[in-house]
Amino acid sequence: MDTEKLFPHFARRPVRNADIGQLQDTFLISSVTMIIVIRLQLWATNYPQLGSGRLHIAHLLWGGLFMLIAIILLLSFLGRPWRRPAAVIGGVGFGFFIDEVGKFVTSDNDYFYKPSAAIIYIVFILLYFATRWMQTRRGFTEQENLFNAIDMVAEAARGGFDDHDRTRALTLLEHAGSGPLVGPVRDVVERTQAVPARPPGRLALAYRTATARLGALVEQRWARLLIVWGFAIWTALIFLAVLVLVTSLGFKVGGAESAFRSDRLGQLTIPNLASLASSTISAVLVTIAIVKMRRGDRLGGYRMLGRAMLVQIFITQTFIFVESSFSAISGLLGSILLLIIIRFSEHHEAERVEQESAHASLPPSALPARGSGAIATGTH
């Protein structure tokens, strides 16, 4: 019996969305943001209880409601514009859900179970690596490129097909091979009249302005020095905090529990040793980055700084969460902010290096004459 006819859906490889990275990142960011908002709100309001008497409306139920709304949106409506709102709403729901993990793993439904922060953090790390694997495990296949191009063309039926979508669809079709549908789809894309692109809103304009100003800022020597030494100081503070925690030097760093501060050098646990080792690795990477920057290798220095931040976020902060619970959030937010700054600086530097390489590869006749203005001829 032909199983392909009986189970056609199981016999076909799933097709990834061309926007998989943006949608998955939106989901994760929404989830993390929701957890932080919940914890801050509960702390600020002294942990109120919604309900009276024996009734208690746990925010786990709100999580289920938001995830249900996201599922209904995806199941009920066609079109690409619904996916990002569903990612946001689904992320908010998952944040509500996972925040109560302490109640799921304890017999007495202890919301304040100390390892909850570490469990939540590890869950998000695993989700992050899982989504990155889905995005980068292999390049998009010809079938996936064709499928996504058709998905974009479908937006023309609702008047949402602009010049950017047309260019992107044609780019996808260039990598879709020579199947029987590629030619007809390309003809449809080329014949379909694109709607004018919407003018950027205030947020988009503000983002572009801020990006341009930051790009000009990181070109300043004093700004680059500030970034590098700011990272060095931050890494040193993280290392010092870990050292103080595991060797019990008598300080209470980041609200750590007394059990963590009572550790002695002869009684270090695996989390203690791992946090020390990872913070040491971060310090070494930052040192290498400083050396590269001093030698003029700005791009290599930025990449080393990025790796140092990733070690802190994915390893050091994990063990700090194990011991310090949610009091480690401030350190995590600082590391994420620094990672965003260094990623922007790395991207800007990579573009500058690429432009200089392209400029150097041009023949002398193609280069503008020294002292010439924007108009080479004397006519206007």
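What you're looking at is a predicted model, where local features need pLDDT of at least 70, side-chain atom pairs count only at pLDDT 80 or more, and totals for chains, interfaces and linings use all residues. Residues are numbered from 1 along each chain as its sequence is written, and side-chain values use heavy atoms, with hydrogens and water left out.

The protein has 15 helices and zero strands; both are DSSP runs numbered from the N terminus, helices being H or I with at least four residues and strands E with at least two. Of its 380 residues, 36% count as buried. Buried here means under 20% relative accessible area, exposed means over 50%, and partly exposed is in between, using a 1.4 Å probe and protein chains only. Contact means heavy atoms within 4.5 Å. Among contacts with a separation of 6 or more, 70% are between residues 24 or more positions apart.

## Two nonpolar cores

A nonpolar core is a set of buried Ala, Val, Leu, Ile, Met, Phe, Trp, Tyr and Cys residues joined through side-chain atoms within 4.5 Å. The largest one has 37 residues, and I98, I120, F124, F231, L305, F321 and I342 have the most contacts inside it. Seven helices each supply at least two of its residues: α2 (20-44), α4 (83-99), α6 (116-136), α11 (221-247), α13 (270-294), α14 (298-324) and α15 (329-361). The largest share, nine residues, comes from α14.

Take I98 as a way in: setting aside neighbours within four places in sequence, I98 is in contact with I35, I120, V123 and F124. Apart from this core lies another, of twelve residues, including L146, A149, A176 and V185.

Helix α7 covers residues 142-153, and its twelve residues should span 16 Å at 1.5 Å a residue; the end C-alpha atoms are 17 Å apart, which agrees. That expected span is 1.5 Å times one less than the number of residues. E144, N145, L146, N148, A149, D151, M152 and V153 are buried in α7, and the buried residues of this helix pack against α4, α8 and α9 (182-191).

L170 is found in α8 (residues 163-174). It counts as partly exposed because its relative accessibility is 24%. Not counting residues up to four places away in sequence, L170 touches R186, V189 and E190. L170 and R186 are 16 residues apart in sequence, with their C-alpha atoms 6.9 Å apart in space.

## Two pockets

On a 1 Å grid over the protein atoms alone, a pocket is an open set of points with protein on both sides within 12 Å along at least five of seven lines, and lining residues have an atom within 4 Å of a point. Grid points are joined across faces, edges and corners, and a volume is the space filled by probe spheres set on the points. The largest pocket holds about 1,500 Å³ of space. It has 43 lining residues, and I29, Y128, I336, L339 and I340 are the closest to its centre. α15 gives the most to this lining, with ten residues.

The second largest pocket holds about 760 Å³. Its lining has 21 residues, with R80, P81, G160, D162 and D165 nearest its centre. The largest share of that lining, three residues, comes from α8.

Definitions and conventions. On a 1 Å grid over the protein atoms alone, a cavity is a set of points where a 1.4 Å probe fits but cannot get out, and a pocket is an open set with protein on both sides within 12 Å along at least five of seven lines; lining residues have an atom within 4 Å of a point.
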